[in-house]
Amino acid sequence: MFKSQEMEINMGPQHPSTHGVLRLKLRLDGETVKYCYPVIGYLHRGIEKICENKAFFQGQVWTDRLDYCSAISNNLGWAEAVEKLFGITVPRRAQYLRTMLNELNRLNSHLVWLATHAMDIGALTVFLYCFRDREKILDIFEAFCGSRLTTTAMRIGGLLEDVPEGFDKMVKDALHAVRTGLVEYETLLSENRIWLKRTVGVAKLNADDCMAYGITGPMLRAAGIAYDIRKAHPYAAYGEMQFDVPTRPEADTYARYLVRLEEMRQSVRIIEQCLEGLPEGPVMAKIPKVLKSEVGEVYHPTEAPKGEIGFYLVSEKGGANPYRFHVRAPGFFNAQAIPLMVQDSLVADVIATIGTLDIVLGEIDR
Amino acid sequence: MSHVHDPKAAPNRKINLPKTAPVPSPGAHAADVKATQAAEEAKWQKTLADYEIARANAISEGKEPPKPPVRHAVKADAHDMRWPVPVEAQDPDLHRLRELLGGAVEECFEQAGELVCQVKKEAILDALTICNQDVALRYEMLADMTATHYPGGWGFNFSIVYHLTCIRRRKRLRLRILILEGFEPESATQVYPGANWLEREIYDMLGVRFANHPDMTRILCSEEWEGHPLRKDYPAVGLGQRDIDCREDRSGVLTRKTMEAAGHLGINLKPLKAE
Amino acid sequence: MPEMTLVQTLLIAFIQAILIIVFVFVAVPLTIFSERKVLGFVQQRLGSTRVAGRLGGITGLMNRGMWWMGKIPIVHYFRGLPGLVGDIFKLFIKEDVKPAKADRLVYLIAPAISMVAAMMVYAVVSFYPGVLFTIPSWVPIIGGLPVAGAMADVNVGILILLGIASVGVYGIVLGAWASNSKYPLLGGLRSAAQMVSYEVPLTLSLLVPVILAGSLSFGEMTRGVATGSSPWAIPSLVFGFFVYMTCGYAEVNRLPFDMPEAENELVAGFHTEYSGMRFGLFYLAEYINMSVVAAIASAFFFGGPWLLPFGLQSFVPEACWWIGQPHWYIYVAKIFFFLFVFIWVRGSWPRYRYDQIMAVAWKYLIPLALVNLVVAGLVRYFA
Amino acid sequence: MEALGVTEPTLLEHVLMLTRVEKFMNWSRATSVWPVTFGLACCAIEMMAAGASRFDFDRFGSGIFRASPRQADLMIVAGTVSCKMAPILKNVWDQMPEPKWAIALGSCATCGGPFDSYHTIQGVDKIIPVDVYIPGCPPRPESLLYGFMKLQDKIMSSSLADKYRELFEPPAQSPIESVEPIDLIHEGSQ
């Protein structure tokens with residue numbers, strides 16, 4: 001007598017919680033998601049094409065804008081990839097500073113993640129608290145490289161300059177803010193019944209699926225696999241650092257939340273070690289003014305806050321710019337798994353899923 | 001408002017097609033080194049010959065003979081830079097792969113600590129399956145996959161690289177195939193489901209289609225996009241798709257027409273389809 | 001009390017209505033404003049502190065004044081208050097968009113249904129069950145007549161209240177349906193299910209004071225619960241209060257139950273397609289409903305105008321020449337306290353999921369309310 | 001009158017006595033500018049930072065970010081507009097009711113920024129009318145606040161008569177003569 005019909009609905013590109021311009025075509029039966037098809041490309045800016053037309057020195061500027069919440073990770077990945085291509089050895093002090101900046105950046109990125117994820121689930125105040133603590137880290141970036149978000153912090157062969165005066169005090173202040181902040185977030189969320197109800201058992205993705213879909217980073221670690229490129233293929237000064245790789249077996253949103261919070265604590269630990277053991281010396285390797293490449297091909301993975309970010313470079317003989325430049329963005333793979341995770345869940349869980357994936361459309365669309 | 005395809009109207013739309021195809025391999029590198037040495041040697045011989053002629057001339061004219069040229073030894077590099085040279089395969093994984101794939105392997109080498117295996121284009125699915133399922137290899141994850149356009153390639157137009165990761169043994173491997181324009185390699189989605197979007201991206205950006213792919217559509221650009229942007233013959237500023245300018249259009253009608261032509265306008269406004 | 005003519009009755013009622021409208025339209029914008037300020041306070045920021053305009057003319061005076069206000073401890077929270085006038089007036093003069101495919105009539109009247117239903121509830125809310133003030137004798141026709149603290153304190157007041165309050169859901173559902181858009185439709189469906197579900201435990205929890213006071217009239221109930229109930233009734237009142245407040249949050253769609261307009265899920269929920277003052281009406285209706293919930297909670301569970309903490313009510317004079325009837329102020333203060341709690345909760349808690357909300361209503365609140373009702377009945381019978 | 005430098009009032013100004021009402025309207029619009037949540041790229045993060053504790057956009061009475069464009073007055077185009085996004089951006093802009101304003105936040109929205117490539121619109125002003133341009137990549141939150149104050153000034157000095165002319169008096173050269181009218185998405189208020 002009554003006809004029932006599934007409803008197609010577009011979530012995004014303009015939607016408050018798609019973290020930019022992701023678009024999900026959903027087919028709903030009531031509130032249950034029966035089919036989900038992500039559409040990306042609304043922020044495609046042609047970064048790969050641009051970088052193929054820019055010199056090795058210049059390309060870094062565009063890597064800032066890939067994952068704009070964690071620009072320094074991208075800078076580091078890019079610089080290391082070019083250094084690997086050319087076989088450049090970076091001074092030890094520069095390695096330490098890079099490690100420190102990268103970890104600060106991880107804190108920054110995780111804070112943005114927690115802020116937006118919590119706001120999507122409705123916890124307004126956590127958003128503001130996270131942004132409050134994040135400002136301290138941004139101040140450090142600003143003191144170091146003059147910009148808050150798009151840092152361009154690395155140079156091929158090291159760093160442009162040594163750290164400014166009073167740098168370690170700023171870092172210590174920021175670490176203190178983050179440490180006290182973490183207590184606040186945990187008070188507001190970790191044992192909050194509503195938070196638990198919204199996150200426990202939501203958006204599950206087990207380890208096999210993670211690996212099949214190329215998902216890395218906190219997502220993989222929350223599925224019980226202790227794979228961290230900082231440990232597996234140590235780069236920068238990570239080989240000399242003492243830190244743990246947190247894992248959880250549950251593979252749900254709450255596990256990822258806990259893993260990321262623990263990662264922030266480990267980052268604090270790494271930064272403290274860097275501050276203590278910071279060696280003296282130059283921060284820049286001796287390299288020619290203009291890099292002329294031979295024929296080469298390199299893929300360099302590093303651990304960005306969102307997972308493995310890899311830079312693939314092909315160089316031609318005598319070329320000053322890469323022949324081919326490709327970014328393996330973690331968000332690209334994470335976004336691909338959305339249909340898998342939201343199948344037969346509710347609309348509200350789609351929001352939680354997008355939040356827990358920690359996607360940034362800048363790196364997905366490039 | 002209309003698309004500008006005329007390079008004269010937009011001079012920076014000109015492109016320089018590369019003449020060479022930089023595909024690294026030990027053989028090519030050795031040949032390159034040899035060619036460089038030969039060129040240097042030839043240059044030196046020419047310098048010597050020039051000197052001999054100049055000396056003979058000077059003696060015959062009664063002038064003072066020029067100084068003999070000095071062949072400089074190769075300078076010790078003052079930079080912290082050592083170009084990583086491709087070397088023959090030493091890693092057991094590569095040997096295992098060569099053993100299993102047999103004649104399908106075209107080349108195996110290591111460069112900058114990365115394992116590279118170039119296989120025949122028809123055998124890529126076999127190679128991926130072996131990498132994924134062989135007990136000794138077990139590369140569980142396809143970390144990345146991308147292609148490169150070589151308009152100047154001899155016998156191939158594209159290289160497609162697969163970056164595999166073995167999480168348990170912390171190993172990485174690069175598989176590579178070289179294909180001609182129009183060849184459709186087997187899709188990797190049958191082995192690694194995560195290759196779905198990667199292959200769509202390759203199709204979108206470079207125009208390489210994959211056989212047996214579940215959904216071979218454009219992913220980043222819209223469906224109506226002309227050309228494949230990451231090809232070397234595609235200008236960096238595009239073929240004119242971006243040159244929308246509706247600043248003179250006060251009522252917005254023209255803008256809307258342009259936008260509708262660009263597609264994707266009816267978001268959330270299309271009527272429900274009755275069953 | 002002398003017998004009144006029809007004209008006199010109507011005029012008195014008119015005055016009462018005006019008073020209630022004034023109260024509502026002072027209380028609601030203040031709530032909206034303090035929502036921003038209190039949220040700002042919770043979130044370690046300032047909230048609105050200034051209005052547009054250069055440092056000249058009226059705007060300059062306002063901005064300078066607010067700058068000086070910033071130096072005074074408590075007063076500085078009220079900076080930015082003039083901006084509220086701007087908010088409301090701007091909504092009035094904003095373009096009123098009607099979607100082309102919308103059901104025109106229903107689309108137009110839906111916000112009015114919400115608003116009217118919310119306002120009409122105040123007809124039976126008794127601010128003070130006695131005489132609020134007497135009209136001076138020099139006024140023609142109605143001179144010397146008393147004005148009661150309730151517009152219509154009828155003996156089935158609580159029924160009217162619940163009945164009218166449940167009409168409010170029609171405004172939301174109809175508005176959502178008439179928009180002919182998908183997100184509003186989802187919001188409307190959520191809202192219908194949620195409100196119908198939460199009506200049940202809400203009514204059950206309100207039956208506790210009804211049983212304890214033995215009356216259905218608003219004023220009688222308030223007085224009965226506040227003055228006549230035995231100490232044994234306190235547990236059931238406490239449980240009743242918690243059930244009632246939970247349902248109240250759900251009924252007015254506030255966090256953590258703001259499903260129909262869950263901003264991060266459904267864009268703006270049922271009023272996604274509404275603009276201008278029609279949206280403003282929904283917006284105001286939400287806050288009026290909040291104040292109604294706060295009024296009922298403070299009347300039936302917190303002693304309404306009669307009780308103060310620590311027995312301080314015994315020091316309140318019966319009447320005071322310079323502020324009028326003092327009990328009225330106690331009641332209004334309690335209402336504002338509960339409005340503050342609404343905002344406080346919003347600043348602290350995440351949002352439930354839709355199915356979880358339903359589970360809360362049907363699995364926990366209704367059984368709890370039923371048991372509570374039985375306990376209250378036993379208390380009433382034995383004590 | 002001419003000697004005093006005062007121009008003859010136009011017909012419109014004869015008919016309508018607008019000044020005081022207009023001032024109040026402008027003030028109320030300027031003091032409650034509600035932006036639509038429309039983040040595109042990097043600048044959206046700075047826009048969020050501008051709304052957060054340290055900078056607190058809400059001080060200007062504009063902290064109410066509306067998710068639905070129907071209820072918003074201001075579109076802050078924060079980030080790069082790609083060719084694929086342009087129609088959607090235009091659509092969202094059309095869904096906003098009058099009066100509405102746009103801020104182009106950041107170099108990308110202003111002029112394309114560093115992305116001089118095939119898929120980026122070189123400035124959002126090619127699609128929608130922009131009131132305030134804020135350069136920077138991304139601009140600091142202070143820049144956004146300053147740009148916002150400039151927008152308030154602009155609103156305060158706007159005039160109903162200008163709006164009337166813009167809406168009802170035809171432009172000198174109409175580019176739309178050759179185009180037949182098409183269905184609009186919504187009816188405006190008439």
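## A hairpin in chain A

In the hairpin of β2(A) and β3(A), where 2 residues lie between the strands, Gly30(A) adopts a positive phi near 70°. This is a predicted model, in which local features need pLDDT of at least 70 and side-chain atom pairs count only at pLDDT 80 or more, while totals for chains, interfaces and linings use all residues. Residues are numbered from 1 along each chain as its sequence is written, and chains are lettered from A and ligands numbered from 1 in the order in which they are written.

The strands β2(A) and β3 (residues 32–39) of chain A pair in the antiparallel sense over 7 bridges, where strands are DSSP runs of E with at least two residues and helices are runs of H or I with at least four, numbered from the N terminus, and where two strands pair if DSSP finds at least two bridges between them. Asp29(A) has Thr32(A) in β3(A) as its bridge partner. On β2 (residues 23–29) of chain A there is also an antiparallel pairing with β1 (residues 7–11) of chain A, over 5 bridges, and here Glu8(A) has Arg27(A) as its bridge partner.

## An open sheet in chain A

Three strands of chain A form an open sheet in the order β6-β7-β8, with antiparallel pairing. Because β6 and β8 of chain A stand at the edges with a single partner strand each, one side of each is left without a neighbour in the sheet. Neighbouring strands of this sheet are turned by 10° against each other on average, direction ignored. Between β7(A) and β8(A) the antiparallel pairing runs over 5 bridges, and Tyr312(A) stands opposite His326(A) in β8(A).

Helix α3(A) lies across β6 and β7 of chain A and runs at about 150° to β6(A); such angles run from 0 to 180 degrees between N-to-C directions, and the axes are lines fitted to C-alpha atoms, for helices over the stretch in contact.

## Where chain A touches chain B

The contact takes 50 residues from chain A and 42 residues from chain B, two residues being in contact if their C-beta atoms, placed from the backbone, lie within 7 Å. Among the elements of chain A that each supply at least two residues to this side are α3 (71–86), β6 (296–304), β7 (307–315) and β8 (324–328). By class, the side of chain A that touches chain B has 22 nonpolar, 15 polar and 13 charged residues (Ala, Val, Leu, Ile, Met, Phe, Trp, Tyr, Cys and Pro count as nonpolar, Asp, Glu, Lys and Arg as charged, and the others, Gly among them, as polar).

## Helix α4 and two partners in chain C

Helix α4 (residues 104–120) of chain C packs with helix α5 (residues 157–178) of chain C at an angle of about 160°, their axes being 8 Å apart. This makes α4(C) roughly antiparallel to α5(C), since angles over 145 degrees count as roughly antiparallel, under 35 as roughly parallel, 65 to 115 as roughly perpendicular and the rest as oblique. The residues of this contact divide into 15 nonpolar, 4 polar and no charged.

The axes of α4(C) and helix α10 (residues 276–300) of chain C come within 8 Å and cross at roughly 25°, and these two helices are therefore roughly parallel to each other. In this contact, the residues of α4(C) include Pro111(C) and Met115(C), and those of α10(C) include Phe282(C) and Ile288(C). By class, the contact of α4(C) with α10(C) has 11 nonpolar, 2 polar and 1 charged residues.
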